[in-house]
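Subject: Structure for you to look at

Hello,

Here is the structure I promised to hand over. Please open it first, then read my notes below.

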Amino acid sequence: MLKKASLILLMGAALLIGLGSALFKGKETNGSNSAFSSLGGEFTLNGVDGPVSLSDFRDDKLVLMFFGFTHCPDVCPISLTNVARAMKQLTPEQAEQVQGMFVSLDPERDTPTILSNYVSFFNESFVGVTGTKEQVDKVVQQYGAVYRIVELEDSAMGYSVDHSSRLYLIDKKGELVKLLYHDSKPEEIAQAIVATLAQ
C-alpha cells in the first residue's frame with residue numbers, strides 16, 4: 001500500500017514537472033509572457049544578515065534563482081558552478097546587475113550561516129536563503145517547483161532531497177522571464193542574462 005502511494009506521488013510530481021516544462025517551452029517559442037502569468041512573485045526568506053526579499057533587488061538587479069540544498073551531491077554544485085562561470089563572461093557593469101540566489105529546501109540542516117559559506121564558495125556575491133518549511137513551501141509553489149524528502153537507510157546523512165532543477169531568471173521588475181536547465185552551459189546562461197538586461 002505504501003509503495004502504491006509513493007508511486008502515485010511520484011507520478012503526480014512528474015505530471016507537475018511536465019506541465020511546467022510545457023509552459024516554459026511555450027514561453028520560449030511564442031515570446032508571450034502568458035506562460036509565466038501564474039508563476040513567480042514576491043517572497044521573503046532568511047539570509048545570513050537577516051530577511052531577504054525579492055523586492056530588495058527591484059530596479060537594480062536581475063535575480064538568477066535556484067532551489068536546492070547544501071548536501072546535494074551533483075545537481076546543485078553543477079548549477080552554481082555554471083552560474084558562477086557565466087558571471088565571469090559578463091562585463092563588470094553587467095555582473096553588477098545580477099544577483100545569484102540559492103533557496104534551500106532543507107531548512108533543518110541549512111542554516112543561513114551554512115548557506116552563506118556554501119554559496120560564497122562559488123561566488124562571493126551569491127546569497128543563500130531559507131526559512132521555515134511553510135515559508136519555503138510557499139515559494140516552491142509560487143515558482144512551480146517540486147521536491148520531496150527521501151529517507152536514506154544506512155546513511156549518515158539520514159535523508160536527501162529530490163527536487164526539480166531549474167534556474168529561474170527574474171527581471172528587474174521582479175517578474176519571472178525565463179527558465180533554464182540546471183546544466184545549461186555558462187555561455188547559454190550569460191546570453192540569457194545579457195538579453196534580459198537589454199530589454
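Which residue in β7 does glutamate 151 stand opposite? It is tyrosine 159.

Some ground rules first. This is a predicted model, in which local features need pLDDT of at least 70 and side-chain atom pairs count only at pLDDT 80 or more, while totals for chains, interfaces and linings use all residues. Residues are numbered from 1 along each chain as its sequence is written, and side-chain values use heavy atoms, with hydrogens and water left out.

Now β7 itself. Strands here are DSSP runs (E, at least two residues), helices likewise (H or I, at least four), and both are numbered from the N terminus. β7 covers residues 159-163 and includes serine 160. Strand β6 (residues 147-151) pairs with β7 in the antiparallel sense, over five bridges. To count as a pair, two strands need at least two bridges found by DSSP.

Serine 160 is buried, at 14% relative accessible area. Buried means under 20%, exposed over 50%, and partly exposed in between (1.4 Å probe, protein chains only). Four of the five residues of β7 are buried. Beyond its neighbours within four places in sequence, serine 160 is in contact with Phe69, Arg109, Arg148, Ile149, Val150 and Leu152. Contact means heavy atoms within 4.5 Å.

Strands of a sheet pair through backbone hydrogen bonds, either parallel or antiparallel. Five strands form this one, in the order β5-β4-β3-β8-β9, with mixed pairing. β5 (127-129) and β9 (176-181) stand at the edges with a single partner strand each, so one side of each has no neighbour in the sheet. Strand β4 (residues 98-104) runs parallel to β5, joined by three bridges. There, phenylalanine 102 stands opposite glycine 128.

Last, the cavity. The structure holds one of 30 Å³ or more. A cavity is a set of points on a 1 Å grid over the protein atoms alone, where a 1.4 Å probe fits but cannot get out; lining residues have an atom within 4 Å of a point. About 50 Å³ of space lies in the largest cavity. Its volume is the space filled by probe spheres set on the points, which are joined across faces, edges and corners. The lining is Leu64, Phe66, Leu80, Val83, Gly100, Met101, Phe126 and Leu167. β3, α2 (75-88) and β4 each give two or more residues to that lining.

Best wishes

Notes. On a 1 Å grid over the protein atoms alone, a cavity is a set of points where a 1.4 Å probe fits but cannot get out, and a pocket is an open set with protein on both sides within 12 Å along at least five of seven lines; lining residues have an atom within 4 Å of a point.
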